[in-house]
Amino acid sequence: SMGMKVEDTTEPGGTPWLTVDTKDSGRFNVFLYVCKDDSKPASPCEQVQFRMLWDNEKGRTTDDVNKFHLEKVFGRGYLTEDKKMIGVEYPLHLTGGVTDRNLRENIDYFLRVTADFEKIVQP
């Protein structure tokens with residue numbers, strides 16, 4: 001309903017996860033945790049994590065990422081250990097249920113968080 005394409009990209013035996021292509025040509029991942037049946041992404045899960053990654057072609061540092069943390073409350077920016085990728089994550093706790101509206105609002109908020117991250121860090 002949000003104009004996004006969602007694909008199940010779970011690897012056999014791995015953590016369930018989805019790849020989402022936005023209508024604006026963005027791409028992010030959704031990792032599903034504490035699921036009743038980890039082999040099925042459609043199974044009820046207690047937690048999800050939205051994640052967007054960029055190649056760290058501009059050589060951003062932890063100091064660059066910390067600028068985001070000093071200005072914003074939500075989302076976690078980071079560099080991978082090898083410093084080749086830079087990313088931002090946003091968790092969502094689902095225990096007790098979630099409405100379609102709540103899920104859409106959290107996805108919209110995650111996309112705002114990533115836009116803020118891009119503006120501040122410029123990955």
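I began with a term: a disulfide is a pair of cysteine sulfur atoms within 2.5 Å. I noted that this is a predicted model, in which local features need pLDDT of at least 70 and side-chain atom pairs count only at pLDDT 80 or more, while totals for chains, interfaces and linings use all residues. Residues are numbered from 1 along each chain as its sequence is written, and side-chain values use heavy atoms, with hydrogens and water left out.

Entry on the disulfide. I found one disulfide by this rule, joining Cys35 to Cys45 with 2.0 Å from S to S. The link of Cys35 and Cys45 is right-handed, with 100° about the S-S bond. Cys35 belongs to strand β3 (residues 27-35) and Cys45 to strand β4 (residues 45-55), so the pair ties together parts that are ten residues apart in sequence; here helices (H or I, at least four residues) and strands (E, at least two) are DSSP runs, numbered from the N terminus.

I read an open sheet of six strands in the order β1-β2-β3-β4-β6-β5, with antiparallel pairing; two strands pair if DSSP finds at least two bridges between them. At the edges stand β1 (5-8) and β5 (76-79), each with a single partner strand, so one side of each is left without a neighbour in the sheet. Between β3 and β4, which run antiparallel, I found six bridges, and Asn29 stands opposite Arg51 in β4.

Entry on the helices. Helix α1 (residues 62-71) lies across β5 and β6 (85-93), whereas helix α2 (residues 100-121) lies across β3, β4, β5 and β6.

Entry on the core. A nonpolar core is a set of buried Ala, Val, Leu, Ile, Met, Phe, Trp, Tyr and Cys residues joined through side-chain atoms within 4.5 Å. In the largest one, with 26 residues, Phe28, Val30, Phe50 and Phe117 touch the most other members. The elements giving two or more residues to this core are β2 (17-21), β3, β4, α1, β6 and α2, and α2 gives the most, with six residues. Taking contact as heavy atoms within 4.5 Å, and not counting residues up to four places away in sequence, I listed the residues that Phe28 touches, among them Met4, Leu18, Phe50, Ile107, Phe110 and Leu111.

Definitions and conventions:
Axes fitted to C-alpha atoms, helices over the stretch in contact; angles between N-to-C directions. Buried < 20%, exposed > 50% of the residue type's maximum accessible area, 1.4 Å probe, protein only.
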